[in-house]
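Trainee: Could you help me learn how to read the places where parts of a protein meet?

Mentor: Gladly! Let's look together.

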Amino acid sequence: MPKRTDIHTILIPGSGPIVIGQGCEFDYSGVQACKALRREGYRVVLVNSNPATIMTDPDMADATYVEPLTPDILEKIIAVERPDALLPTVGGQTGLNLSVQLAEAGILEKYGVQLIGADLQAIRIAEDRSRFKKAMLAADVPVPVSHFVYSVEEALVAIEEIGYPALVRASFTLGGTGGGIATSPQEFVRVVEHGLRSSPVGEVLIERSLLGWKEFELEVMRDRADNFVVVCSIENVDPMGVHTGDSITVAPAYTLTDKEYQYLRDLAKRVMRAVGVETGGSNVQFAVNPLNGEVIVIEMNPRVSRSSALASKATGFPIAKIAALLAVGYTLDEIPNDITQVTPASFEPSIDYSVVKIPRWNFEKFPGSDDTLGPQMKSVGEVMAIGRTFPEALNKAIRGLDVGLPGFTRALAARYTPTLEGVKRPFAERLYHLAALLTEENWRDVSASTGYDPWFVAQLREILAVEEELAQLAVGDWRAELADPASATLSLIRKAKRMGFADAVIGANLGLTEREVRELRLASAVKPVYYRVDTCAAEFEAHTPYLYSTYESDCEANPTDRRKVMILGGGPNRIGQGIEFDYCCVQACWALRDLGFETIMVNCNPETVSTDYDTADRLYFEPLTLEDVLNIVDLEQPEGVIVQFGGQTPINLTTGLAAAGVPIWGTPPDSIDLAEDRGRFGALLRELDIDHPQWGLAYSPEEALAIAHRIGFPVLIRPSFVLGGRAMAIAYDDASLLRFLQDAAEVAPGKAVLVDQYIEDAYEVDVDAVVDGEHVVIAGVMQHIEEAGVHSGDSACVLPPYKVSLYHLSIIRDYTEKLGRALNVRGLMNVQFAVKDDVVYVIEVNPRASRTVPFVSKATGVPVAKIAAQVQAGKTLAELGLLRMPEVDGFFVKEVVLPFDKLPGADTRLSPEMRSTGEVMGHASHFGHAFAKAELAAGMILPTSGAVLMTVNDFDKSAALKLGRDLHRMGFALYATEGTAVALQKVGLPVTIVQKAFQEGVTTVDVISSGQVQLIVNTPLGGQAHADQSAMYAAAIRYKVPLVTTLSAAQAAVNGIHALRERALQVRSLQRHHFGASA
Amino acid sequence: MTRPALLALEDGAVWPGVGFGAVGTTTGEIVFNTSLTGYQEILTDPSYHGQIIIMTQPHIGNVGCTPEDNESDRVWAAGLIVRSLSPVVSNWRAVQSLPDYLAERGVIALADVNTRALVRHIRTHGAMRAALSTEILDEDELVAVARAARDMNGLDLAGEVTCAEPYHWHESQEWWAPTAAKHAAADGRPFHVVAYDFGMKRNILRKLTFRGCQVTVVPATATAQEVMAYNPDGIFLSNGPGDPAAVTYAIDAVRDLLGQKPIFGICLGHQILGLALGAQTYKLKFGHRGGNQPVQVAAHGGVQISSHNHGFAVDASTLPPDVINSHINLNDGCCEGLVAPQQRAFSVQYHPESSPGPHDSDELFDRFLQMMADEGEQ
């Protein structure tokens, strides 16, 4: 069937900020959809509040709205753009929910917008658990015994039939939020209460627990001619009970016979038809009883998902792109398979390799949170690896995680002392515990304890067995035989490499360094070859250079002799290193392609746009380790390697790459070291006469105390060489300093600790600049809303700075220029400043792309990352036409989102340790509106009336008076704890006194939970959170009451409230804003 | 205990590996199969008689073997080549490991082979003869053995795999299969299907039995008269190995049967029907073997994902004008089915009985039943 000609403009909602459960996989799917639909001649209107995405690049859509994803805002956009259709299936759960809201509110009907890709009825059946169950039973699809309940009382009745352990799931939530497993009545009541609160419709499902069953997923597609294909089967290594986003998963499924697999396939087809998904991709999840093969369908998602992104990368079948084409009327047989070019998309990929995905968690940043894995997803990113076999892919995945582990190795026994009992609990590091636990004798017990299928455990055991052989070899006189290419030693090394062993692991067993192993390998021609991901197990020739390494024969890479440049990506997303860096890598890729270079991307994050085979000319889906990157460099011999766009991961490889003679483009490796080495950097600042906080490097608690006493408390302490402010804290006295030192020692044992002067009451300014060796051009100056001391990644910021004087700006400009030249930067540079009184301090310099580059690009309309890439390729800023700081029209506010609702128990106060997972942008001609929009986009709805709870520390009391006055004038009632209330009453403001949590009488928690207050302003005083504060924060998160923890943010919120009361929010596309393009 | 073994191709290429299953030397035509599951069904499919199979899925043997998954009473494949043999068996249905299963049946297999490079070799150079041995480890010697192996072209292999005597089939399909309506003649008597065994897969018989048919299986050499003596409601032509043009006796028999009773053919049965109708067949460069092939149904344009195993095909351009090219492979345009309305005969090149493979084309069995029902009404 040909494409539809009755629709012209298509609206695509994105998924908003990156949160746990909804990551950058939806940037990938959205980008694919935008590209595919525009290529077909449709006009695409994109809405996404997340400025860090590639999809919100103004080049990706005809009209791009970086606006809050709420029905009101969407209606305004629809009124302006008048789309004919809305594609609800590529923006994750957020996009889907928003589309349902728009449909149910009658907005789509009002403006004549039709849903394409999934109709309302189908979405409702798939998303609403009671309808889903009914539809499945009608289609003879087995689903678990379950009951929907709307109160604890009903739940207690339902559990009688279902029995313990029971699974509780909240309806209409993402990432399993509000879910849990209950094994006792007490636990059950707690989990149900939490679930009822989390569900926007107050509904939870209580169902038969399938704990310990095997879990499988099928990624399927259907078109309007009822053609149906399975793109990929995925098997979870972790059994049922662990959210699939937190499971180690593999493709294809390994422990099903054909009879069983085809049964799942038939069920998936029945599910698609019963739900009524007429076109597009879906994901169907199954539980299979390992003892008798009983199959239960757990759920389905009528949209592209995290798993579909994984399946696309695992097979080379671009699900989101094809889903978009199906939505506009094509059928699968009309769409060509890009990779083979000669066959159509109406087929099922066959893969002749193994794919392993491992989630990446960040529990270390959330002391107090529980690392037990369950139905609520907790991971923040994932790595994927491809190998010919499962052991090879698993080892590559572990080193691709970038957590300092070289693979599945016995050496982990030095770190862990696991027991068979201990590994019954699913937790983040369980896999590594198995490396220390597994023996020839106990592998069946390990399988029983973990619920891992014996097949996987046996494969893990095979890896360790080869390592044991290596260790035995090391005892003998193996070096003597090396000259003989057929020697047992070399054949064992080959065998180890074929199982994915890193050189470092081989070296550790043979008593060699990683470098020595590499030299030994190269001398003996033990080198990887690169195979193509071809969708068809080599049945047809692959035309797409989407490659993975393996230790076989017959390399399929066929490097070209074009001028080429290699871009190193960022690896798995984690807090502090996320989608922003993928944005930069992709922009760089496009810019360099435009300059005529062949672009080579190296990355191992399946969620990203950079790992779309369509993005770079050549894609190496490989771990970002020195060994893996050097192997690719050996083969490709690029003219340059770009390290500054992928975040800290490629930066950390720079020294090793440079030492191996690899040409690094951009800022010289020595400058990177100069900026990172505090001693050298301190000397440079002194030489340039630039103010900076006093600091010292301590190797012992005594030294740290001495430094703190020299520069005076408070001090900021952190281990050297860490990312995202890991274990960074502010100490106010000797006791807290010693306590934090202990944490730091755990994070980076043996490493020095930095002790910095903490400049209190300063505000921070972030600068992104591009440097070409001659000119240093500032692309954007951002002022943080939160004061210094809150990690820059966790602070809201505004561009242009709304409170920085011209005097300070000129100093900032001067310092930036000096540093850019002194550090010999080529490309991007980020400088962080603290401004206090008349002094501007330089806090740090990062000679690489920063987290704020995409935000600056969206705010200024200048493609900063592209320009920086061109500069690294030798262009000058004069040639590129960027010699002056871009003017910014209006205000752009970036706000962050924090994952505390997913990680109960964590300390929710903002600190120098970064913990946000994502960001949003709000823009408007006035600061207040821009801020209100950013808050709205981040899910914090600023009230325009009602009451405010204020409880501030003593130092903030006087400043809080003005805040109280402004709120009172706008008609807000004031509630306050005693100290704050007394201060407010002194200036004559009416205030209701409430008690701190756990005290007698009406408490802060009471007024939050009863809905009496609509905004909370609390400014804690350094040191530890008190129990009462934690209780108040937990209540705020639970009841979704906006909470502001700094006075500067509170003042901004007041500005926002004021603006909202004056005039409703307006919308404007980036294209119209920057280029005046008419819609 | 690892046992060195060697694979040699007639073009001189050799591939060392580790032997498992039986010991000895075997020869055959080397082919590859891209199915991710179903190695046991593949090994026991008589259509693989005389062929050494490479599985492109690297991990083989994971789920062991179980009697239910046999498609015949023996392993017909001449040999098996895999990348990584599972060290354990993990599936609730398994009763035996793959190495034990093969050893018991005298089948030689090879592991630790770079199967992808081997497949690319065959994709480039075409299907060819090969020898696999755990005894002859001298490369030149084994290449000579490969070159001395018999050539598939012009070879009647159906005669080698067919049953010796007619028999009745009773077993129906199991829980995993799609559901289908049962059919019977107007008078309530079950339809009687006489099925030619050119290398019959059991799941075809199960599908017919499941739909209420009474099935009599006859040898490939059965004449039209012998078949008609059973007074069948329909005639089925099974899958099977080898060059269809060489099975002249069956082509003659089918030609005689045309128009008498509804005929349904699968795989070799499809090719024999095509030849009986006057079309020609040819050998594909490396064949279709896998469970993921897109076949378009000409009648409505829908696409079915289908299970394939064929090295020969009917040349659509040689079909008589009254015969419809009913199914087309979207990968290479190859003829995958035909319908001869006047003769009330139809056939498909691929495997609607699946096992292994998707169940998308299960409806073809219903169509056969419907033809038999229509016959009664005339």
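Trainee: How many residues of chain B are in contact with chain A, and how many residues of chain A take part?

Mentor: Start with the general idea: the size of an interface is often given as the accessible area lost when the parts come together. Here we will count residues in contact instead, and please remember that this model is predicted. In this case, 46 residues of chain B touch 48 residues of chain A.

Trainee: Which element gives the most to the side of chain B that touches chain A?

Mentor: That is α3(B), with six residues. At least two residues each come from α3, β15 (281–297) and β16 (303–314) of chain B. Sorted by class, this side of chain B has 16 nonpolar, 23 polar and seven charged residues.

Trainee: Into which domains is chain B divided?

Mentor: Chain B has domain 1, covering 3–148, and domain 2, covering 158–377. Taken over C-alpha atoms, the centres of these two domains of chain B are 28 Å apart. Their contact involves 23 residues from domain 1 of chain B and 25 residues from domain 2 of chain B.

Trainee: Which elements of domain 1 of chain B give two or more residues to the side that touches domain 2 of chain B?

Mentor: Look for β3 (25–33), α1 (39–44) and α3 (115–125) of chain B. The most comes from β3(B), which gives three residues. By class, this side of domain 1 of chain B holds eight nonpolar, ten polar and five charged residues.

Trainee: Thank you, now I can trace them myself!

How values were computed: Residues numbered from 1 in each chain as written. Chains lettered and ligands numbered in written order. Predicted model: local features only at pLDDT ≥ 70, side-chain atom pairs only at ≥ 80, totals over all residues. Domains from an automatic or database assignment. Contact = placed C-beta atoms within 7 Å. Helix = DSSP H or I, 4+ residues; strand = E, 2+ residues; numbered from the N terminus. Nonpolar A, V, L, I, M, F, W, Y, C, P; charged D, E, K, R; others polar.
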